[in-house]
Amino acid sequence: MNLHPLRHVAVTCLLLIAFAGLTAAAYMTEQTHQENAYVNSATEEQPVRFVQLVPNGVAFEPTKGENAVAIVDGTSFEKLFIFVSVEPHGAAPNELLSIEGVDQDPRFHIDGINAHSPLTGIFPYADNNAAINIKFSKTQDANNFYKNKRIVVLGIPKI
Amino acid sequence: MRILVLFLIVTIAALISVHSVASQQHHPISQIQDPNNPTQSLPAVVYLAEKQISGYGELSVDVNVGGLDWLFAFVAVRPIDGDGDAQAGGKTLCLKYNGQKIDELQPWSPCFSVRNSNTVNSPLTGLYAIDVSSKTGKKTISLPSDPAFDNRYLLVLGAREADTLPNQYHTTSEILHQGGSLGSSYLQFMGEAHTTDTSDVTVTFDGAYLEGALVFVNVHPTDSAPGDAITIEINGVVHTISSYPYVRVPDTSGGDAKNSPIGGVYYVDLTSENGNVNVEFPYTPKFDQRSLFVFGVPNGA
């Protein structure tokens, strides 16, 4: 290349700028990638997992004798967190109430006492079923002692 | 000349790359921005850890609180109906944050406590919000071993500061799209309030861009609370939390233990809401520790 010396200088400067720019871009991209991929954990690095309300994951039934039902699609979620609460109404002796489709303890249990306080439970659940049916056990509430049944399903989507 | 043009193109491309990445770095990772205050962004709710055991051993998880504003600990245990050490009546079990009992760290956060009884099997649930905005490093959330409380579950969520969120979610629309692709949206932390005295506990937030909100309530009934009730008003709707006669415990003896927290999870539909939403938890005699926190469900994309 038969360039004027000043052009040599200009080309060299441009080369240096381009190199510095590319290096900086690569470095920042790598940093961004790392920040994107992980949240620091004390035990291990784990990906950021946002929590969302699962579609159709809210159900509320205020009336005694009626049930609250939430049917959610579990195929997109790694795990579900089912929050429920229910109020024993009047005398609810020897009544045990569980959540159908969620075979986990502890279950609500009112044994020989009057209790109006809301009973609240949190149940983790993992299932790839497209139609997970979450509801209170109607057979166990045969005497209709429970009212204000609430279900809220949160979830973390699959990566 | 061609070489010069080539280098110019490379240089411009490099500068554009740098600018693009730098823009991402400096963009506030806004989740949902307050339309009246575009610089104000709200932390997103993220999953951190959970653990579940059917027995009564210590339940413990470690989380790194760097970059977090809040931790949310959701705890459930079953008080055992049994004899001797396996009798929950008269005993207290406290969630611990880094070795410190939750009610010592945050006086508005009652421990699980069961008056003497042998008929107490319903789950006891605690919904705790812990401010970690000034904390860094590893913290341990734990439930100590106690044979009187089994079937344990601990879920820890967090609210991440806006500027530490992953950059792939760097615009509101993108976040909404991520959630929208699943038909819903990621939860946002809207606020927290608490007290141990007679002051009101209130959280106010803009509901214009939300389709709903989840309100988590924790309240402690005193020994004289049985028969009384406390109310919480969420967007004008009053919900009653009764304490009668004792929280899942018969009034048969006066053990040293007090009463477990009561409360619950409430969902409020905000699809037609265009203004501020108030969650008010006013003082009521006989209930001495009140707290609440709110997650918002953004409108879908």
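**Aromatic cluster**

I count rings of Phe, Tyr and Trp (its six-membered ring) as a pair if their centres lie within 6.5 Å. I'm working on a predicted model here, so everything below is read from computed coordinates. With that cut-off, ring pairs join A:Phe83, B:Trp70, B:Phe72, B:Phe74, B:Phe189, B:Phe216, B:Phe293 and B:Phe295 into a cluster. Over all chains, I get 13 aromatic pairs in the structure.

**B:Phe72 with B:Phe293**

How are the rings of B:Phe72 and B:Phe293 arranged? They are stacked, with 5.0 Å centre to centre and 25° between the planes. Then I looked up where the two residues sit. B:Phe72 is in strand S5 of chain B, residues 68–79, while B:Phe293 is in strand S20 of chain B, residues 287–298. The pair therefore ties together parts that lie 221 residues apart in sequence.

Buried or exposed, I asked of B:Phe72? Buried, at a relative accessible area of 0%. B:Phe293 comes out at 2%, and I put it down as buried too, because the cut-off for that is under 20%.

**B:Phe74 with B:Phe216**

I stayed on strand S5 of chain B, where B:Phe74 also lies. Its ring centre is 5.2 Å from that of B:Phe216, and the planes meet at 65°. I noted this pair as edge-to-face, because the angle is over 60 degrees.

Which strand holds B:Phe216? I found B:Phe216 in strand S15 of chain B, residues 210–221. This pair ties together parts that are 142 residues apart in sequence. I checked burial again: B:Phe74 has a relative accessible area of 0% and is buried. B:Phe216 is buried as well, at 1%.

**Positive phi**

I then turned to the backbone. What is phi at B:Asn98? It is near 55°, a positive value in a residue other than glycine. I located B:Asn98 in the loop of chain B between strand S7 (96–97) and strand S8 (100–101). Its relative accessibility is 43%, so I wrote it down as partly exposed.

I traced B:Lys286 to the loop between strand S19 (276–281) and S20 of chain B. S20 is the strand in which I had already placed B:Phe293. B:Lys286 is partly exposed, with a relative accessible area of 33%.

Terms used: Residues are numbered from 1 along each chain as its sequence is written. Chains are lettered from A and ligands numbered from 1 in the order in which they are written. This is a predicted model: local features need pLDDT of at least 70, side-chain atom pairs count only at pLDDT 80 or more; totals for chains, interfaces and linings use all residues. Side-chain values use heavy atoms; hydrogens and water are left out. Rings of Phe, Tyr and Trp (its six-membered ring) pair if their centres lie within 6.5 Å; planes under 30 degrees apart count as stacked, over 60 as edge-to-face and the rest as tilted. Helices (H or I, at least four residues) and strands (E, at least two) are DSSP runs, numbered from the N terminus. Buried means under 20% relative accessible area, exposed over 50%, partly exposed in between (1.4 Å probe, protein chains only).
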